[in-house]
Amino acid sequence: MTILVTGILLGGTYALIALGLTLQYGVARIMNLSNGETLVAACFAAWLLFTAGGINPLWGLLIIAPLGFIANGAIYLGLLRPLVRRASSQGMLEVDSILATFGLLFLFQGLMHLAFGGAYFNYQFLAVPFDFLGGSYALNRVTAFFAAVIIALALYLFLYRTRIGTAVRAVAVDPDAARLVAIDVGRIAAFAFALGGAITASGGVLLSTFYTFNASMGAVFVMKALIIVIMGGVGDVRGAAIAALILGVMETLVASLIDPGLTLAATYGLFIVILLFRPQGLFGGAKG
Amino acid sequence: MLEIQNVSVRYGWHQALFDVAANVRRGRITVLLGTNGAGKSTFLKALGGLVPTEPGASVRLGGVEIARMPAHRRVEAGLALVPEGRGIFGKLSVAENLHLGGFAHRARTDEKARLEHVLELFPRLRERLPQIARTMSGGEQQMVAMGRAMMSRPDFLMLDEPSLGLSPLLSKDMFRSLRRIATEADIGILLVEQNARLSLEIADFGYLLENGHIVGQGPADELRTSPDVLRAYLGEDVVPG
């Protein structure tokens, strides 16, 4: 029971990180391998605000998420849009963008190493026990989970209940058809990429409240996010949320029942199993 | 009026259209006839902004030049396209498809009334609003595509072979709806068809396209009896005399 709850709490934050990636990949068609660097930068930003300014990370979200939006929007418009413009096919764009964002990953990782070194960071926020159904959990994890649920719900309502949100989904489903209904696909793609950055940055802020982070962990997290996105089905918001909870529970299970050192191995094991048996995602039907 | 002049399209070394010119009037149905590979679909895509035209092309909609606008702005200008293969959002519901049809700024007033009009035109869609579009039959998907295009409040509507894959009965229904759309909503329709017989029955004016060139034009009732048309598109032997 404790394992299940701990896993679900962790999965909530994973869901946000993955939702950011799935927006960027599903709508803007950019597999952003440097997405994890947005996450790490958000962790450091939350840490800075908390230790230097005494700002509660939940308030910090209001600063850092918009910064994530702006930074990712700038990356898209400055670096990735030229690739989109010259790509003659979807396959070419995928190869180009993976190479470009792979490069960005190392660039940003290097910059953060320069600024913060390789040491591990954390800070004490709501580090008090919280009792629930006979188990005891850190209050910061519980808070992060509920904050993640609220942000994910807001994103869901935006995508399914507003006109712009529906347009974002329309571009994810069929960019050619989207142009026929007067949707400016280029603008929606830039917007979705920026929004994905803001969501991942929010995930980073929440992660930093209970997790020890360092400048080079971005790549590990982008892989986790990628696993969640593929498990949930590319561009599927609901699928990603459920897949994130599954991954959170599985990691916690392996860490507490077998060995914490094996979590990463278990994660990749799951990834391989999914790629072999359900490449269209757990909940996706046949392609179409 | 939709005035089209000098529309040429090249795919690499291959030229698909040569200085095509045509006029489409509001409230009328204009049909473009041609065999497979004549360039009909390319022509509609060029007008919709989905394939680039050679310099010198002019497409004026109500006097406004739209030939250099991107596709989404042409919809805002009042030109809607139902492309080959329909181009609906297969993974979204019928209601979402129609809602997205009204995404254009020009379509945001009276969206409810227009939806009502579309559902009255295609009553079948009303019962199917929550259904995922790709799970419907071909005829129903065609209705979604036409309804969605109507939701953008177009002045001109272009349709690429809307009867493709439909039974003769459904095709007749569909052509009858087109007639209603043109007359009741005062929309100019540009129709590309292989089904020359049915389309000439409902059309007002027709153009003949062959190997990228306009080779003939005239009122639909004249084309219906023209020996050239009968031979080329209706597959009938003309008895001399």
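Reader: In which element of chain B is confidence lowest, and in which is it highest?

Author: This is a predicted model, in which local features need pLDDT of at least 70, side-chain atom pairs count only at pLDDT 80 or more, and totals for chains, interfaces and linings use all residues; side-chain values use heavy atoms, with hydrogens and water left out. Residues are numbered from 1 along each chain as its sequence is written, while chains are lettered from A and ligands numbered from 1 in the order in which they are written. The pLDDT is the predictor's confidence in each residue, from 0 to 100, and helices (H or I, at least four residues) and strands (E, at least two) are DSSP runs numbered from the N terminus. Confidence in chain B is lowest in helix 10 (residues 227–233), at a mean of 75, and highest in strand 6, at 96.

Reader: What is the mean pLDDT of chain B?

Author: Where pLDDT is low, the predicted coordinates should not be read in detail. In chain B, 97% of the residues reach 70 or more. The mean pLDDT of chain B is 90.

Reader: What is the order of the strands in the open sheet of four strands in chain B?

Author: Two strands pair if DSSP finds at least two bridges between them. The pairing in this sheet is antiparallel. Strand 2 (14–24) and strand 5 of chain B each have a single partner strand, so one side of each is left without a neighbour in the sheet. The order is 2-1-4-5.

Reader: Which residue of strand 4 of chain B is the bridge partner of B:Glu3?

Author: Strand 1 (residues 2–11) and strand 4 (residues 58–61) of chain B pair in the antiparallel sense over four bridges. Along this pairing, B:Ile4 stands opposite B:Val59. The partner of B:Glu3 is B:Arg60.

Reader: Which residue in the turn between strand 4 and strand 5 of chain B has a positive phi?

Author: Strand 5 (residues 64–65) of chain B runs antiparallel to strand 4 of chain B, with two bridges joining them. B:Leu61 is paired with B:Val64. The hairpin has two residues between its strands, and the one with a positive phi, of about 55 degrees, is B:Gly62.

Reader: Which strands of chain B are the edge strands of the open sheet of six strands?

Author: The sheet has mixed pairing and the order 6-7-8-3-9-10. Strand 9 (residues 205–210) and strand 10 of chain B pair in the antiparallel sense over six bridges, and B:Leu208 has B:Gly216 as its bridge partner. The strands that pair on one side only are strand 6 (79–82) and strand 10 (213–219) of chain B.

Reader: Which strands of chain B does helix 7 of chain B touch?

Author: Contact means heavy atoms within 4.5 Å. Helix 6 (residues 138–151) of chain B packs on the sheet, touching strand 6 and strand 7 (156–160) of chain B. Helix 7 (residues 168–185) of chain B also packs on the sheet, and the strands touched are strand 3 (29–33), strand 7 and strand 8 (188–193) of chain B.

Note on methods. Axes are lines fitted to C-alpha atoms, for helices over the stretch in contact, and angles run from 0 to 180 degrees between N-to-C directions.
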